[in-house]
Amino acid sequence: MHAVKRVSKRAIGRAIKRGFEIYYERTLGISSGERNLTAPASRNADATVLQPVSYVCLRRLLKYLRANTLIRGAFLDLGCGTGRVMAFMARTGFDHVSGVEIDEKLAAAARVNTRKYGCEVICGDASNYQFRGTEKVIFLFNPFGPATLREILPRVPEEAAIIFVNPSAAHLTELRNLRGREPQVFDWNPTTAIVR
Ligand SMILES: C[S@@+](CC[C@H](N)C(=O)[O-])C[C@H]1O[C@@H](n2cnc3c(N)ncnc32)[C@H](O)[C@@H]1O
């Protein structure tokens, strides 16, 4: 009986996820469902493949950002893929939304998807990104390993909240070292760590 309940709960979860995929892709007028099987080359050779974060996860995150009055200043997606997160966040009230993507083709697709929202897409390795100081929320959906994260974190503006979706234990260690505080970890499927 419990097994049947578990299976139907999972099936309902999948149906809801699929429904949100269709709804938001249409509403935002974008095509960002693509996945890649090959990871791009990067300086530290620790890039992950393209996999867009789910809209279910983005809705939870938006609720958190609103509840904690974090929608202000600039939003940055490090490893922005085809720009899903940028398009979603551009309509929420941030002053500026930008993304960094190492893969040229993906960066071009992100530009097409987010042009109408006035987002900025920078093509390059996030480890070289020069922060502007205006970033208030920095989003990462497990784009690279702890080596690249370790290089980036010391340059992150002090006031910025860091949102890391699907962190490994090694990522969490890097996030913990940044401000000497335990990240808040939410069981959002995927797990999401937030450092403020
Ligand atoms: C898991 S996907 C997430 C995409 C997007 N943030 C989303 O949630 O829809 C990770 C992305 O990070 C990019 N990436 C990996 N290493 C990178 C690096 N060093 N600099 C910039 N982008 C990188 C990959 O090409 C991929 O598009």
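Predicted model: local features only at pLDDT ≥ 70, side-chain atom pairs only at ≥ 80, totals over all residues.
1. Nonpolar core. The largest nonpolar core of the model has 49 residues. Within this core, F75, V85, M86, M89, I138, F139 and I163 have the most contacts. Helix α3 supplies the largest share of the core, six residues. One of the residues with the most contacts, M89, is in contact with F75, F94 and V97 once neighbours within four places in sequence are left aside. As general background, nonpolar side chains tend to be buried together in soluble globular proteins.

2. Helix α2, geometry. Helix α2 (residues 55-67) has 13 residues, and its end C-alpha atoms are 18 Å apart. This agrees with expectation, because a helix of that number of residues should span 18 Å at 1.5 Å a residue.

3. Helix α2, faces. The buried residues of α2 include Y55, C57, L58, L61 and L65. These residues cover an arc of only 145° around the axis, and therefore lie on the same side of α2. On the other side of α2, the residues K63, R66 and A67 are exposed. The packing partners of the buried residues of α2 are α1 (2-28), α3, β4 (135-141) and β5 (161-165). Just after α2, T69 takes a positive phi of about 40°.

4. Helix α4. In helix α4 (residues 104-114), the buried residues are L106, A107, A109, A110, N113 and T114. They are placed on the same side of α4 because the arc they cover around the axis is only 160°. The elements against which the buried residues of α4 pack are α3, β2 and β3 (120-123).

5. Helix α6. The buried residues of helix α6 (residues 169-179) are H171, E174 and L175. An arc of only 95° around the axis holds these residues, so they are on the same side of α6. The face turned away from the buried side of α6 carries the exposed residues A169 and N177. Packing of the buried residues of α6 is against α5, β5 and β7. Just after α6, G180 has a positive phi of about 65°.

6. Residue A147. This residue is found in helix α5 (residues 146-152). A147 is partly exposed, because 15 other C-beta atoms lie within 10 Å, whereas a buried residue would need 20 or more. Leaving aside neighbours within four places in sequence, A147 is in contact with N44 and D46. The C-alpha atoms of A147 and A170 are 9.3 Å apart in space, and these residues are 23 residues apart in sequence.

7. Residue H96. Strand β2 contains H96. With 16 C-beta neighbours inside 10 Å, H96 counts as partly exposed. Residues up to four places away in sequence not being counted, H96 touches A74 and T134. H96 and G118 are 22 residues apart along the chain, and their C-alpha atoms are separated by 8.2 Å.

8. Backbone points to check. Most residues other than glycine have a negative phi, and most peptide bonds are trans. N142 is not a glycine, yet its phi is positive, at about 30°. The place of N142 is in the loop between β4 and α5, and this residue is partly exposed, with 17 other C-beta atoms within 10 Å. N189, also a residue other than glycine, has a positive phi near 50°. N189 is found in the loop between β6 and β7 and counts as partly exposed, with 13 C-beta neighbours inside 10 Å. The peptide bond from N189 to P190 is cis, with omega near 5°. P190 is likewise found in the loop between β6 (184-186) and β7 (192-195).

Definitions and conventions:
Residues numbered from 1 in each chain as written. Helix = DSSP H or I, 4+ residues; strand = E, 2+ residues; numbered from the N terminus. Expected span 1.5 Å × (residues − 1). Buried ≥ 20, exposed ≤ 12 C-beta atoms within 10 Å, placed from the backbone. Arc of directions from axis to C-beta. Contact = placed C-beta atoms within 7 Å. Core = buried A, V, L, I, M, F, W, Y, C linked by C-beta atoms within 7 Å.
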